[in-house]
Structures are given as C-alpha cells and as structure tokens.
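Welcome, and thank you for taking a look at this protein with us. Please have a glance at the picture first, and then we will walk through it together.

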Amino acid sequence: MPDADNVITIQALHKAFGGHQVLRGVSLEVPRATSLAVMGGSGTGKSVLLKHIVRLMDPDEGVIWVHGRRIDVLSLSELDALRLRIGFLFQGGALFDSMTVTENMDFMLRHHTSMTEEARLDRIMEALAWVNLQPAAGQFPAQLSGGQKKRIALARAIILEPDILLCDEPTTGLDPVSVRTVSELLVRLRAERDMTIVTITHDLLCAEITADAAVFLHEGRVLARGTIAQLKAHEHPELRLFFG
C-alpha cells in the first residue's frame, strides 16, 4: 500500500505501443499539496505518464494509486467520481471554439453538478476573477490571446474545485510575461487551495517558479529526481544537455 501522505503513487509503470517501449518502470510519488514537474526531452513518455494517472491509458505493467485507491480495480462509476476530483489543463487549452468563455465553463458545471443557473454563473465569475479575466466572459476563444486562452483553460480546469491538477505543457507557445503569469497562478493554486499539481513541462522558467520537486525522464525511465537546482547541477550528460 502507498504512503497515506502521497496523493499519487506510481509503481514500476511500463507502457509500449507496438514494439516501441515508451515507459520502462517509472515510479514516483506526489505528496499532498505539492507541485511536481515532470521534465525531459520529446518522446520520453511525459504525456503518456500523465494520461495513466486519469486512466485514459492502462499500463502493460505497474500500479497507480490516486487518493489511496488503486485505479485499475475501480468500477466505471468509481473512476468517474475520482476523475471529478482531478482537473486537467490540456496543452492546447481545448476550449470549444463555438462557445463563449462563460459557455465553455458552464459546460462543465451543467454536466457534472446540480447547481442552479445563478449559482453556476457565480462560480464562473469567481473563477474568472481568480485568473483576472472577468471582461472576457462573453468573448469567444478566437478573440483571446494565447496567454488569455491558457488562463481561461486553467479557470475551467478548476471550476469543479478539484484537489489534483494535471498540466500538460501549460506554457507552451507563450511569451515570457505570459509564462510567468500562468506559472504564478499555479503557485497560488497550491498555496491557497492546497492543490496537488503535476506539470509536464520543458519550460525551465515555469518549472523554476512552480515546482517543489522534479523528475527527469529519459528513454522511459526516471533518470534523476530532486529540486530544479539539483537537476541543473546534475553531472549526467543528458541533464547537462537539457539544462544547457
């Protein structure tokens, strides 16, 4: 059984697609209310690892616990209930282009809560205020900048008030100011809401701002783990190349 202090525990995870082995025995633990960065080059299995946590994929070998529950033995209804406690910030934001910002966020509330329309609107405006984008409520995604889209996507990811947030490259394609803005919002989530955050990122600024700890994946394995400073100081050639 995993340590009760860990919200997420992954043990000896293996995953292959055809003859290509993507994950080769990855193990990691994420303590409650901490922020973990998962780093590494392209094709090292970072996003595949993230998808296993919400059981969008099943491992070939290995076991995953979330909130002390082994997810591969959950029924569909139990898995759905667990997923509602997990927010997911997609790399591209995944906003619905044909919906306004308010409609994008209300989609989650209408489908997963019994809140009244008035209560839903209050929750939406509270989330938009949290990311400082109340004026965007009636706009469509095409009218927003890249940084604004990411902040709206973040607001939608937390609209159901999850206690875990999974982020897949949350700052990709953003300018340095927007990278800092989004990263600092993630820090606030951990500090103000005791949220547990796992962030897939190759953005060093994002990792330095957000991460309490980090793991570095290489060829499907955990090559190193520690603070960002410890990874930057590591002598392994792959880490020296990555961190420059």
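A polar contact is a pair of N or O atoms within 3.5 Å, and within protein one of them must be able to donate a hydrogen and the other to accept it. Please keep in mind that this is a predicted model.

## A lysine to begin with

Let us start with Lys-15, which is found in strand S1. The side chain of Lys-15 reaches the backbone oxygen of Asp-58 at 2.8 Å. Is Lys-15 buried or exposed? With a relative accessible area of 12%, Lys-15 is buried, because buried means under 20%. Leaving aside residues up to four places away in sequence, Lys-15 touches a number of residues, among them His-20, Val-48, His-52 and Pro-59.

## The sheet of four strands

Strand S1 belongs to an open sheet of four strands in the order S2-S1-S4-S5, and the pairing is antiparallel. Strand S2 (20–31) and strand S5 (69–70) stand at the edges with a single partner strand each, so one side of each has no neighbour in the sheet. Within this sheet, S1 (residues 6–17) and S4 (residues 61–66) are joined by five bridges. Which residue in S4 is the bridge partner of Thr-9? That partner is Trp-65. Helix H1 (residues 46–53) lies across S1, S2 and S4, and runs at about 120° to S1.

## The sheet of six strands

Another open sheet has six strands in the order S6-S7-S8-S3-S9-S10, with mixed pairing. Its edge strands are S6 (86–89) and S10 (221–226), each of which pairs on one side only. From one strand to the next, the twist averages 15°. Helix H1 packs on this sheet too, touching S3 (35–40), S6, S7, S8 and S9, and its direction makes about 155° with that of S7.

How do strands of a sheet hold on to each other? They pair through backbone hydrogen bonds, either parallel or antiparallel. Strand S7 (residues 164–168) and strand S8 (residues 196–200) pair in the parallel sense over five bridges. Here Ile-164 stands opposite Thr-196 in S8. Helix H5 (residues 146–157) lies across S6 and S7, running at about 165° to S6.

## Rings and charges

A search of the whole structure finds five aromatic pairs. One of them is formed by Phe-216 and Phe-243, a tilted pair with 6.3 Å centre to centre and 45° between the planes. This pair links distant parts of the chain, with Phe-216 in strand S9 (residues 213–218) and Phe-243 in helix H9 (residues 237–243), 27 residues apart. Phe-216 counts as buried at 3% relative accessibility, and Phe-243 counts as buried at 13%. Together with Phe-242, Phe-216 and Phe-243 form one aromatic cluster.

Trp-130 has arginines over the face of its ring, as listed here.

| Residue over the face of Trp-130 | Distance from the ring centre |
|---|---|
| Arg-188 | 4.4 Å |
| Arg-193 | 5.3 Å |

## A histidine in a loop

Our last stop is His-236, in the loop between helix H8 (228–232) and H9. His-236 is partly exposed, with a relative accessible area of 28%. A polar atom of the His-236 side chain lies 3.0 Å from the backbone nitrogen of Glu-238. The C-alpha atoms of His-236 and Ala-224 are separated by 8.9 Å, and these residues are twelve residues apart along the chain.

Conventions:
Residues are numbered from 1 along each chain as its sequence is written. This is a predicted model: local features need pLDDT of at least 70, side-chain atom pairs count only at pLDDT 80 or more; totals for chains, interfaces and linings use all residues. Side-chain values use heavy atoms; hydrogens and water are left out. Two strands pair if DSSP finds at least two bridges between them. Helices (H or I, at least four residues) and strands (E, at least two) are DSSP runs, numbered from the N terminus. Contact means heavy atoms within 4.5 Å. Axes are lines fitted to C-alpha atoms, for helices over the stretch in contact, and angles run from 0 to 180 degrees between N-to-C directions. Rings of Phe, Tyr and Trp (its six-membered ring) pair if their centres lie within 6.5 Å; planes under 30 degrees apart count as stacked, over 60 as edge-to-face and the rest as tilted. Buried means under 20% relative accessible area, exposed over 50%, partly exposed in between (1.4 Å probe, protein chains only). A charge sits over a ring if NZ of Lys or CZ of Arg is within 6 Å of the ring centre and within 35 degrees of the ring normal.
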